[in-house]
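Have the sequence and the coordinates open as you read.

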Amino acid sequence: LLNDLKVNFSRVAQASREDYPSQLSVSLSPGRALGAISVGGLPQLGSDLVSPIVSAANTFEFIDNLSYQRGSHTIKAGANFKRQQMNGRFDALINGSYVFTDLTPFGLPAFTSNPSLEFFLRAQPFLYLGVDPALADSTRGFRQNYTGVYLQDDWRVSPSLTLNLGLRWEYWSNPSEASGRLANIPNIATSTKPVPGAIWSGVPANLFSPRIGFSWKPSVNGKIVIRGGGAIVRDQLWSNLYADTRFDEPYYRALQYILPSFMSRPPSVASLIGFGGPPSVIGIYGVTYNPQFPWYGQYTLNVQRELGAGWLVQGTYAGSRGLHLPRTGEANPQIPALGHRLNPALGSEVIVVTDAQSSYNSAQFGISRRFAKGISLQANYTYSRSIDDQSGALPSD
């Protein structure tokens with residue numbers, strides 16, 4: 001009987017500052033550092049759009065594993081509890097950004113062969129991205145708990161057969177925030193704005209993950225061994241996917257102006273309104289209100305055959321199937337036939353959804369030879385195929 005108890009604490013802090021942190025006479029937003037100026041065909045001037053980012057994550061973890069060996073059974077049981085604190089700010093677009101490009105499609109004439117640079121020199125921007133100064137608080141203290149318990153039995157049925165049987169249960173809590181500043185869009189098609197409250201409509205309590213495996217020697221001499229197994233393996237929706245709901249109203253208001261005015265001093269919200277009219281609210285990144293937690297089915301079958309003179313050959317089939325995997329896309333696209341977005345009450349809404357899939361199948365072959373004096377040689381070959389809808393949850397992946 002053996003019990004292993006662990007209590008862990010970890011802290012990860014990081015910061016990404018603006019390239020020009022001081023307030024300058026050419027700042028694009030009142031009281032802020034220099035933002036970004038983009039001119040078609042030229043490198044971007046100023047700071048990037050997503051800084052500053054300042055965060056510190058604390059993880060408190062309790063793990064207990066119990067192993068009990070009796071007769072032909074080795075029984076293992078354990079529990080894992082984790083408390084996560086994600087604190088910090090992510091001030092995307094807060095320093096403002098002007099975009100200059102060719103405006104001739106809007107009926108504005110150009111007199112040179114470089115219209116993007118020409119309209120920059122004429123101070124006629126195509127786009128301004130920024131944040132309403134009255135709604136610019138991105139600081140959040142997200143909190144989330146994890147609980148996992150498992151039971152497994154490695155059962156030696158006979159000298160030639162061993163079974164591995166296990167079951168795990170996991171639960172991730174609905175994220176909370178230290179000051180209650182949470183919001184999300186319940187229905188992209190019908191909602192008129194983000195609604196304060198829980199990020200997700202709910203979290204599942206039935207995340208059971210069975211697993212089974214075996215090892216079998218069908219021959220008396222034991223030169224052939226067949227091993228196989230299958231399991232359901234769970235993944236989480238980590239804070240990098242849901243923390244960008246910090247950009248939702250009523251706590252943060254990102255704005256997009258088409259054909260705005262160009263100001264010689266830090267502009268106000270009203271002074272930016274130009275030919276394109278009032279601004280539209282945009283969602284920087286969001287997450288689905290009704291997620292399903294991702295999981296993978298993993299399975300393998302392996303046959304080993306010992307030959308004479310130290311030779312060993314083996315063949316393996318290994319595969320996996322992923323379901324409810326996260327991916328990112330535009331959830332409120334422009335519909336040309338309608339002349340507006342799918343939901344005209346909302347602007348662009350790029351969100352993380354959990355409907356992606358993946359599959360992996362492989363045939364693996366190997367041969368090895370043991371020589372005297374501890375020398376061995378090994379050769380392997382794998383033929384595989386991997387297919388997925390999106391290889392990472394975010395475009396930066």
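## The largest pocket and its surroundings

Strand β4 gives the largest share of the lining of the largest pocket, seven residues. Before going further, please note that this is a predicted model, in which local features need pLDDT of at least 70, side-chain atom pairs count only at pLDDT 80 or more, and totals for chains, interfaces and linings use all residues. Residues are numbered from 1 along each chain as its sequence is written, and side-chain values use heavy atoms, with hydrogens and water left out.

The largest pocket has a volume of about 870 Å³. A pocket here is an open set of points on a 1 Å grid over the protein atoms alone, where a 1.4 Å probe fits, with protein on both sides within 12 Å along at least five of seven lines; lining residues have an atom within 4 Å of a point. The volume is the space filled by probe spheres set on the points. In total 40 residues line the largest pocket, and Phe90, Ser239, Asn240, Ala243 and Asp244 lie nearest its centre. Elements giving two or more residues to this lining include β1 (2-16), β5 (73-90) and α2 (239-242). Helices (H or I, at least four residues) and strands (E, at least two) are DSSP runs, numbered from the N terminus.

| Residue | Relative accessible area |
|---|---|
| Thr245 | 4% |
| Trp200 | 1% |
| Phe293 | 5% |
| Tyr252 | 0% |

Thr245 is found in the loop between α2 and β15 (252-258). Leaving aside neighbours within four places in sequence, Thr245 is in contact (heavy atoms within 4.5 Å) with residues including Phe142, Ile199 and Tyr285.

Now for the rings: a search of the whole structure finds 16 aromatic pairs, counted when ring centres of Phe, Tyr or Trp (its six-membered ring) lie within 6.5 Å. Trp200 and Phe293 form an edge-to-face pair (planes over 60 degrees apart), with 5.9 Å centre to centre and 80° between the planes. Trp200 lies in the loop between β12 and β13 and Phe293 in the loop between β16 and β17, so the pair ties together parts that are 93 residues apart in sequence.

Key. Buried < 20%, exposed > 50% of the residue type's maximum accessible area, 1.4 Å probe, protein only. Phe/Tyr/Trp six-rings, centres within 6.5 Å; stacked < 30°, edge-to-face > 60°.
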